[in-house]
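Please look through the sequence and the model shown below, and keep both at hand while reading.

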Amino acid sequence: MNAHTSVPRPRDRVSVTVIGGGVIGISWAGLFLAHGLDVVVSDPRPEAKDQVLAGLAEIAPALAELGLPTERLTARLRFEPDLAAAVARADVVQENGPERLDVKREIWRTVEAAAPAHALLATSTSGIPATAIATALRQPERLVVGHPFNPPHLVPLVEIVPGERTSPETLRRARDFYASLGKKPQILRKEVPGFVANRLQAALFRECVHLVAEGVVTEAELDDIVTDSIGLRWAVAGPFRTFHLGGGPGGLPHFLTHLGRAMEASWPGLGEPSFDEPTVALLTAQAEEAFGGEPVGELAARRDRAQLALMRALAAPVDGRQAQHAQQAEHEQQPAQHGQATA
């Protein structure tokens with residue numbers, strides 16, 4: 001296999017090295033193993049092996065719900081704390097190290113020197129640009145961001161973000177690799193700190209913190225508001241499509257004409273909170289009250305079951321009666337019939 005050969009599909013026994021045995025690394029490893037890939041986990045911590053095995057046992061039911069085989073899930077898994085040895089035969093390297101630029105540069109120097117020339121090199125970083133990391137590489141065109149949305153074994157999105165010198169071939173190979181695992185890769189057209197999904201999440205969470213800190217709602221109440229409104233809405237149609245539909249037959253232009261200025265006028269009034277000591281204390285106390293009664297593992301398992309149910313519902317075909325009801329509801333709620341747009 002040469003540098004211009006695509007990564008083979010999972011059935012061809014791809015070998016993936018997962019760097020880092022934390023939450024993201026465990027999730028990636030489980031997904032790779034369930035698709036029949038050979039996986040090497042590299043993490044120098046003495047407790048890493050036990051943590052990874054325990055984590056894989058926890059996510060195995062979710063993988064099974066996705067229709068993936070989980071019997072003998074760890075049969076193709078091995079552990080190698082020495083990073084150079086761990087990547088020596090890798091077809092793909094998925095790095096999940098600490099979010100520190102100096103650490104990532106050191107990791108990738110070692111990887112580039114030890115990994116085969118054909119290996120696809122991807123970092124799971126949630127915000128550090130590939131351009132910054134790739135300054136440590138002799139061949140920066142090989143490195144790409146493959147940023148999952150947590151948990152990677154479940155949530156479909158992978159943001160593929162090129163650095164300034166990432167090659168088109170690397171982008172194509174990354175897209176094809178993630179798509180072969182059932183993911184929904186999205187190549188960003190431009191490198192931007194935080195990428196897209198995390199920037200959107202940060203913008204919304206900033207206002208969430210502001211509203212809780214100001215005593216408008218509690219954390220639990222705000223969560224209910226989100227899951228009972230925009231969470232449901234955006235699960236089936238993103239913000240732009242939602243507002244396009246809100247504009248009726250006139251679509252997004254009609255919506256922007258009627259409500260755009262009012263929405264823009266509200267932007268300066270949005271909160272600008274900080275995680276100062278009183279705010280952190282308040283958020284911590286409310287989190288303990290709202291979520292502290294159950295172990296995190298049980299909360300995560302419940303979340304995964306609900307996420308799977310939602311994904312199945314969205315993937316299921318709509319029968320004729322459901323389609324008729326949906327069309328009737330849309331007709332009854334059509335704002336453009338009254339010359340109005342709705343948010």
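## An exposed phenylalanine

Phe 275 has a relative accessibility of 57%, and because exposed means over 50%, this residue counts as exposed. The model is a predicted one, and in it Phe 275 sits in the loop that runs between helix α11 (251-266) and helix α12 (277-291).

## Salt bridges

The count of salt bridges in the model comes to 15. One of them joins Arg 312 and Glu 65, whose side chains meet with N and O 3.1 Å apart. Arg 312 belongs to helix α13 (residues 296-315), whereas Glu 65 belongs to helix α2 (residues 48-65), so this pair ties together parts that are 247 residues apart in sequence. Arg 312 is partly exposed, at 43% relative accessibility, and Glu 65 is likewise partly exposed, with a relative accessible area of 47%.

Arg 45 forms a salt bridge with Asp 43, and their closest N and O atoms are 3.0 Å apart; Arg 45 is partly exposed, with a relative accessible area of 30%, while Asp 43 is buried, with a value of 12%. Lys 104 forms a salt bridge with Glu 99, where the closest N and O atoms are 3.5 Å apart. Here Lys 104 is buried, with a relative accessible area of 0%, while Glu 99 is partly exposed, at 41%.

Salt bridges can also join into a group, and which residues are linked in such a network? They are Glu 169, Arg 172, Arg 175 and Asp 176.

## Aromatic rings

The count of aromatic pairs comes to five. In the pair made by Phe 177 and Tyr 178, the ring centres are 5.4 Å apart and the planes stand at 55°, so the pair is described as tilted. The reason for this label is that planes under 30 degrees apart count as stacked and those over 60 as edge-to-face, with the rest being tilted. Phe 177 and Tyr 178 are both buried.

Notes
Residues numbered from 1 in each chain as written. Predicted model: local features only at pLDDT ≥ 70, side-chain atom pairs only at ≥ 80, totals over all residues. Heavy atoms only, no water. Helix = DSSP H or I, 4+ residues; strand = E, 2+ residues; numbered from the N terminus. Buried < 20%, exposed > 50% of the residue type's maximum accessible area, 1.4 Å probe, protein only. Salt bridge = Lys/Arg side-chain N within 4 Å of Asp/Glu carboxyl O. Phe/Tyr/Trp six-rings, centres within 6.5 Å; stacked < 30°, edge-to-face > 60°.
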